[in-house]
Amino acid sequence: MNLPDAEGLFEALVAQLRSRVTPDTRIVGIVTGGAWLAERLHRALGVNTPLGVLDPSFYRDDFGKAGLHHQVKPSQIPFEVQGQGILLVDDVLFTGRTVRGAMNELFDYGRPARIDLAVLVDRGGRELPIAAQHVGASFEVPPGKVLVLDRTPSGALSLTLSDKRRERKAAS
Amino acid sequence: MSRNPQLNEKGALQHLLTIEGLPREVLTHILDTATSFINVAEREVKKVPLLRGKSVFNLFFEASTRTRTTFEIAAKRLSADVINLNIATSSQTKGETLLDTIDNLSAMHADMFVVRHATSGAPHLIAQHVGSHAHVINAGDGRHAHPTQGLLDSYTIRHYKHDFRRLTVAIVGDVLHSRVARSLIHALTTLGAPDVRVVGPKTLLPTGVEQLGVRVFHEMRSGIRDCDVIVMLRVQNERMKGALLPSDQEFFKSYGLTPERLALARPDAIVMHPGPINRGVEIDSAVADGSQAVILSQVTFGIAVRMAVLSILAGN
């Protein structure tokens, strides 16, 4: 199938968010692709608050089945969560389970006043009642396939369709 | 060749009994995972839900404060249920065998056993006995191994020195009786530290210790010269009664870490100690309380390292 250009979707997302985001907005990206996207949004939208990064691996609902085999990145939330509005960012919204884990983790830092979700792609297939407020594009992806966001060394984003998840190998 | 008894049929870590023979990737994975647990302690809620519904049994057949407490905190920060058994004062004194005790606890649906025992090999015996769903962590067995201490020492060294590949590390004191020293030596050689030294009198160094890949020094000044890391071992008072050492004072005179001796190491050298410290026996108070000592950081990092071990085992 023909995949849209990730940079085009990024521009669409920036256009949607421009009126919603202020220099004080607290942006939190979900590793790995969501954090890349959040980094780009943070710069493009001129946000001053430092960027937050979440790795919700310790909050996954499939730990009993999958274990901890990849390298978990330390979550970093360099701002107060209590009573604040948070813009949560991920690359691809699918079942909603990752977002569920990320929200649970955020609540362990404090009680946010509000959480909005921005994603580059909504590929459908939700298994939980979770929706994104800001979406670059929505399209169906064949079941069993994984939509993967990649980043070149210069920071350019691209989408590919793969048969398996992104490898997150342990650091040496 | 038979399989490493710590690994399951998929080659993943099922039990943590000793660092000896574990691949570098396994050690690095544990240290990297520990890094992610460090800032959990700084949050509003100091817990992650990873081990929710799991039962962790702390079986301490030998006294311990630091290790037992940090294992308990680690398991609780992972949301596990923790049961502490002080076996020295329970069934064993009534004559129950070790494996009967384990069978009874297994019947209570234990998921993990954290075991300290005065006899080398006891955790290994338990690991062979428990069902395939259960995990055993050695929290110190006899003179054999104390793998989570070796890992937290490695974590501390990596935290301050970043790269093992250029380091000179001196381990000073009673290496003969020290499971801490043995585990740290295996960890450091596996992680690629090129110069690991043991420093102590002939009576307190095991014969053939060179075969572990360390250099032997009997003289303190040459042993710690230009070191990046100095690990002082506890002089085990209970061993002093033998003819191994004339006295505490004699040991301090020859091997105690004083500010004057520390000045022989690199200016940015760190001083470590597994605790509990004996001030004036192996370490001078001015050093123990000085700016180069990272002894209390070791304790803090120990919680994150034990969280990493518990969560990796529970997921395998």
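1. Ground rules. Residues are counted from 1 along each chain as its sequence is written, while chains get letters from A, and ligands numbers from 1, in the order in which they are written. Since the model is predicted, local features need pLDDT of at least 70 and side-chain atom pairs count only at pLDDT 80 or more, whereas totals for chains, interfaces and linings use all residues.

2. The two chains. Start with where A and B meet: 17 residues of chain A are in contact with 19 residues of chain B. Here "in contact" means that the C-beta atoms of two residues, placed from the backbone, lie within 7 Å. The side of chain A that touches chain B has 9 nonpolar, 5 polar and 3 charged residues. For these classes, Ala, Val, Leu, Ile, Met, Phe, Trp, Tyr, Cys and Pro are nonpolar, Asp, Glu, Lys and Arg are charged, and the others, Gly among them, are polar.

3. Domains of chain B. Chain B splits into domain 1 (24–145 + 301–314) and domain 2 (147–298), with bounds that come from an automatic or database domain assignment. Taken over C-alpha atoms, the centres of the two domains are 26 Å apart. Contacts link 20 residues of domain 1 to 19 residues of domain 2. On the domain 1 side, α1 (24–38), β4 (135–141) and α11 each supply at least two residues. Helices (H or I, at least four residues) and strands (E, at least two) are DSSP runs, numbered from the N terminus. By class, that side of domain 1 has 10 nonpolar, 5 polar and 5 charged residues.

4. α11 with α2. In chain B, helix α2 (residues 66–77) packs on helix α11 (residues 295–314) at an angle of about 55°, with the axes 8 Å apart. Axes are lines fitted to C-alpha atoms, for helices over the stretch in contact, and angles run from 0 to 180 degrees between N-to-C directions. The pair is therefore oblique; under 35 degrees would be roughly parallel, over 145 roughly antiparallel, 65 to 115 roughly perpendicular, and the rest is oblique. The contact includes Phe71(B) and Ile73(B) from α2(B), and Ile303(B) and Met307(B) from α11(B). Its residues divide into 8 nonpolar, 2 polar and 3 charged.

5. α11 with α1. Helix α11(B) also packs with α1(B), at an angle of about 115° and with the axes 8 Å apart.

6. α5 with α6. Another helix pair in chain B is α5 (residues 147–161) and α6 (residues 179–191), packed at an angle of about 50° with axes 8 Å apart. That angle makes α5(B) oblique to α6(B). The crossing of α5(B) and α6(B) is right-handed. Residues including Leu151(B) of α5(B) and Leu184(B) of α6(B) form the contact, which divides into 7 nonpolar, 5 polar and 1 charged.

7. Leu204(B) sits in the loop between β6 (195–199) and β7 (215–217) of chain B. With 23 C-beta neighbours inside 10 Å, Leu204(B) counts as buried. The scale, using C-beta atoms placed from the backbone, is 20 or more others within 10 Å for buried, 12 or fewer for exposed, and partly exposed in between. Setting aside residues up to four places away in sequence, Leu204(B) touches Gly173(B), Asp174(B), Val175(B), Leu176(B) and Leu244(B).

8. Most residues other than glycine have a negative phi, and most peptide bonds are trans. In chain A, the peptide bond from Val31(A) to Thr32(A) is cis, with omega near 0°. Chain B has a cis bond from Gly275(B) to Pro276(B), with omega near -10°. Ser79(B) has a positive phi near 75° and counts as partly exposed, with 15 C-beta neighbours inside 10 Å. His109(B) also has a positive phi, about 65°, and is exposed, with 10 other C-beta atoms within 10 Å.

Note on methods: Left-handed = near helix turned anticlockwise from the far one by under 90°.
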